[in-house]
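Here is a structure to read through by question and answer.

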Amino acid sequence: MASGGYPGNYAKGKPILGLAEVAKSRDVKVFHAGTVMNGNQIVTNGGRVLGVTAWAKDLKAAQAAAYAAVEKIHFDDAHFRRI
């Protein structure tokens, strides 16, 4: 997941919501790239913000699980690639 404006100018400090819910899934892992703690809140701090990875019985199922997790994570102007 990336910040709006990436790879050009992008705003920092946008609260990221939904990470706790996604963390409950045993088959999904969220990798932080452009994040930072601001008090008790994880916020954006880079262009490439998060990498969301999932595993399942086959590639199609893993891909579906990763995209389902991405749909639960929110921050202003977030975007991500779709195939």
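**Pocket, core and salt bridges**

The lining of the largest pocket has 15 nonpolar, three polar and two charged residues. The model is a predicted one.

Q: What is the volume of the largest pocket?
A: The lining of this pocket is made up of 20 residues. The space itself comes to a volume of about 530 Å³.

Q: Which residues lie nearest the centre of the largest pocket?
A: The lining holds nonpolar, polar and charged residues. Of the 20 residues that line the pocket, those nearest its centre are Met1, Leu50, Gly51, Phe80 and Arg81.

Q: Which element gives the most residues to the lining of the largest pocket?
A: Two elements, S4 and H2, each give two or more residues to this lining. The contribution of six residues is the one that counts as the most, and it comes from H2.

Q: Which residues touch the most other members of the largest nonpolar core?
A: This core has 15 residues. Helix H1 (19-23), strand S1 (28-32), strand S4 (50-54) and helix H2 (59-70) are the elements that give two or more residues to it. The members that touch the most others are Met1, Ile16, Val30, Leu50, Val52 and Ile73.

Q: With which residues is Ile73 in contact, leaving aside its neighbours within four places in sequence?
A: Ile73 is one of the core residues that touch the most other members. Its contacts beyond those neighbours are Met1, Ile16, Leu17, Gly18, Leu19, Val22, Val30, Leu50 and Val52.

Q: How many salt bridges does the structure hold?
A: Side chains of opposite charge can pair when their charged atoms come close. The number of salt bridges in the structure is three.

Q: How many residues apart in sequence are the parts that Lys14 and Asp77 tie together?
A: The side chains of Lys14 and Asp77 meet in a salt bridge, 2.9 Å from N to O. Lys14 is in the segment before H1 and Asp77 in the segment after H2, so the pair links parts whose separation in sequence is 63 residues.

Q: What is the N to O distance in the salt bridge of Arg82 and Glu71?
A: Arg82 counts as exposed at 58% relative accessibility, while Glu71 is partly exposed at 42%. Their side chains meet in a salt bridge with an N to O distance of 3.3 Å.

Q: Is Ser3 buried or exposed?
A: Ser3 lies in the segment before H1. Not counting residues up to four places away in sequence, Ser3 touches Tyr10, Ala11, Thr44, Gly46, Gly47, Val49, Phe75, Asp77 and His79. Buried means under 20% relative accessible area, and at 2% relative accessibility Ser3 is buried.

Key
Residues numbered from 1 in each chain as written. Predicted model: local features only at pLDDT ≥ 70, side-chain atom pairs only at ≥ 80, totals over all residues. Heavy atoms only, no water. Core = buried A, V, L, I, M, F, W, Y, C linked by side-chain atoms within 4.5 Å. Buried < 20%, exposed > 50% of the residue type's maximum accessible area, 1.4 Å probe, protein only. Helix = DSSP H or I, 4+ residues; strand = E, 2+ residues; numbered from the N terminus. Contact = heavy atoms within 4.5 Å. Salt bridge = Lys/Arg side-chain N within 4 Å of Asp/Glu carboxyl O. 1 Å grid on protein atoms, 1.4 Å probe; cavity = no way out; pocket = protein on both sides within 12 Å on 5 of 7 lines; lining within 4 Å. Points joined across faces, edges and corners; volume = space filled by probe spheres on them. Nonpolar A, V, L, I, M, F, W, Y, C, P; charged D, E, K, R; others polar.
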